[in-house]
There are 2 protein chains.
Amino acid sequence: MKKKKTIYDVAKALNLAPSTISKALNNGAVSSKTKARVLDYVKKTGYVTATSARILKAKYSWTIGVVFSEELNIGLEHPFFSSVLQNFKTYVEKWGYELSFIVQQLGQNKLSYLDWCRNKKIDGVIIVVGDANDRGIIELIESEIKCVSTDIVNDNIHSVRSDNRQGIELSVEYLLETGHGRLGMVAGPQTSSAFTERLIAFREIMKEKNLPLPEEYLIVSEGFGYTSGFNAARKLLGSLTVKPDALLVGSDDISFGVIRGIESLGFRVPEDISVIGFDDISTSRLFTPALTTIRQNKKAIGETAGKILIDLIREKGHKHPRETKIPVNLIVRDSVKMRKN
Amino acid sequence: MKKKKTIYDVAKALNLAPSTISKALNNGAVSSKTKARVLDYVKKTGYVTATSARILKAKYSWTIGVVFSEELNIGLEHPFFSSVLQNFKTYVEKWGYELSFIVQQLGQNKLSYLDWCRNKKIDGVIIVVGDANDRGIIELIESEIKCVSTDIVNDNIHSVRSDNRQGIELSVEYLLETGHGRLGMVAGPQTSSAFTERLIAFREIMKEKNLPLPEEYLIVSEGFGYTSGFNAARKLLGSLTVKPDALLVGSDDISFGVIRGIESLGFRVPEDISVIGFDDISTSRLFTPALTTIRQNKKAIGETAGKILIDLIREKGHKHPRETKIPVNLIVRDSVKMRKN
DNA sequence: TAGTTATTAGAAACCGATTTCCAAAAGGAT
DNA sequence: ATCCTTTTGGAAATCGGTTTCTAATAACTA
């Protein structure tokens, strides 16, 4: 195991001062001639600067912190969030940044998000999953740390998310085109802003189109998964004499429960009731009936967030926070049926 | 924004030397009285040691590197691997370690896994997804860095994986109990050791039980997903006059394709042919027919890997590498039918 | 009580860069 | 050729800890 090379070794070998090496490596003021000489030597010998030493003295770390709260019981397993993170990761790594999960504990002692970032001289932060009301998150967003979010929206942070309104609009219009007249919705828990937006959008669009929307056609599920969808659907339908002929659902995960819930009451999907989801996760294509849904563009979300954050770090534009909306697509499958009327 | 506190500030405030503070914080030789005094003060003022400074001088970093190759096109989206990682993460964080993805690029320059680890003074590495033949991986495993793997097996590394043999045994026995006589298998790509083990186990078990296993009942799928399963099933069945009455499949993902492939040929699952998968991902429960499969215990895998790695780091036992097998479970659903004979 | 040993606290070197400030060299203008 | 700018390379300070070595103190032994 050969001894580790330091910047001093390089300097000695090249008959230069360490400071000159550092400059050559970091676009400092050096002649292009010496710069080339240094770069050459470095490439040949495979010298690489010690990260910790650099971070100690410099004010940056080439590291991006990831907030991925597990309190909401959404871990890396979640197909949507993990995919967004994956795409973000791939993008920023191309630019030389690496990812580190922000932890609330450092070695022995507890730490706030902000303290962790400062301590590590984090260049920027992406909030993939986070509670918008968490004190730690708020403190972080309001700090000097550059942040971007693919989840929470807030006046103090750049956010990159799906155009939920467009998604609902697409759904409603498609349902109308296919001859549905009594639309309802099983919304997701309103603690999540995405679900809130979808519900609000649905209300607005129905109003704009002058379509009736009885409150009994609306229900909010208790949780994020199959079971809550199942229960919500049964509850919604159970009390109704005139059933809706189509249901928009907050997410695909919930949709699966909704569909089975509908079936458990003796109705068929899509023959009696059409269902349209939101997300397009991998199960959706495989489910029976294959789920008609709104596909979120996870790649675009991840990459756009990456681009914005890097711009922010390099101080290129994006002066004040704004919301970026990524278009969604309607994916037509079998859970919506064309109706004659 | 209050100024950052250094160890010198703490020393001054307590009228002690910086070195004493450091010792108090790191179980060095200090009287319990001063130690208490320091700890108290630190807790009260919220001082936290600068990570980069510590890493620079010390030989550890409280950081664990994650190898999660994307070359195999398995990203964080993959339900099995991401879940293992999630469970590992939760476990090691309890012990104060944090996770950092190992990148092949550091700031500007390319780096081998090993150089990256040395540069960052990584305490240990978990290989969640990695190519066992990759030069960089081999170099890493053979180095002084403590490693654990939940994927590749090798004499030089501790591995924690599902007991694939037991899984196949469970499948075969269940199929036998339910009256099946002509078992076949759609194995996954043999580039993955898990798939290889499953195929080998199947061959062995059939031989041990003295059951016939015609080579035509065996096929290896081209890829990891639905389409390759679909094609493999059609290819297998297409050429056979006497069809198998049950098929073991390398993974759930492939199983879905296999089932639809069988159906596309006019046969029914499970009435004509039973299918049993391996993994138990979330789609399996929702699929029609709900997939009977072998559940991998991702929690146990992640946690056991975490435990072993931390033991390794603390130099507690695990002198030489060994393979740890985590038991699996049979999950009975609807894709296997009881047959009278 | 004197002498020896075990603990505890501090001084100083060191980890490996970055950065500021300065002097020397190079380039331009007259 | 001389004087003034602009570039370029180097010396030294600094970032914030850990660790080794030494001195002082406390504890123990006879």
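Which residues of α6(A) are buried? In the predicted model described here, local features need pLDDT of at least 70 and side-chain atom pairs count only at pLDDT 80 or more, whereas totals for chains, interfaces and linings use all residues. Residues are numbered from 1 along each chain as its sequence is written, chains are lettered from A and ligands numbered from 1 in the order in which they are written, and side-chain values use heavy atoms, with hydrogens and water left out.

The buried residues of α6(A) are A:Tyr113, A:Leu114, A:Trp116, A:Cys117, A:Asn119 and A:Lys120, buried being under 20% relative accessible area, exposed over 50% and partly exposed in between (1.4 Å probe, protein chains only). With six of its eight residues buried, α6(A) is mostly covered. Helices (H or I, at least four residues) and strands (E, at least two) are DSSP runs, numbered from the N terminus. Just after α6(A), A:Lys121 adopts a positive phi of about 50 degrees. In chain B, helix α6 (residues 113-120) is largely enclosed by the rest of the structure, because six of its eight residues are buried. These are B:Tyr113, B:Leu114, B:Trp116, B:Cys117, B:Asn119 and B:Lys120. B:Lys121, which follows α6(B), has a positive phi near 50 degrees.

The interface of chain A and chain B brings 51 residues of chain A into contact with 50 residues of chain B, contact meaning heavy atoms within 4.5 Å. The area buried between the two chains is about 4,700 Å², with carbon and sulfur atoms giving 52%; buried area is the accessible area (1.4 Å probe) that two parts lose on being put together, summed over both. Two salt bridges are found across the interface of chain A and chain B, a salt bridge being a side-chain nitrogen of Lys or Arg within 4 Å of a carboxyl oxygen of Asp or Glu. A salt bridge joins the side chains of B:Glu98 and A:Lys120 (3.0 Å, N to O).

Elements that give two or more residues to the side of chain A that touches chain B include α4 (51-57), β2 (98-101), α6 (113-120) and α11 (252-264) of chain A. The largest share of this side, nine residues, comes from α5(A). By class, the side comprises 20 nonpolar, 19 polar and twelve charged residues, where Ala, Val, Leu, Ile, Met, Phe, Trp, Tyr, Cys and Pro count as nonpolar, Asp, Glu, Lys and Arg as charged, and the others, Gly among them, as polar.

Chain A is divided into domain 1 (7-59), domain 2 (63-160 + 298-325) and domain 3 (164-297), with bounds from an automatic or database domain assignment. The C-alpha centres of domain 2 and domain 3 of chain A lie 30 Å apart. Ten residues of domain 2 are in contact with eight residues of domain 3, and the two domains bury about 780 Å² between them, 51% of it on carbon and sulfur atoms. In domain 2, A:Pro79, A:Phe80 and A:Lys298 lose the most area to domain 3, together 46% of what that side buries.
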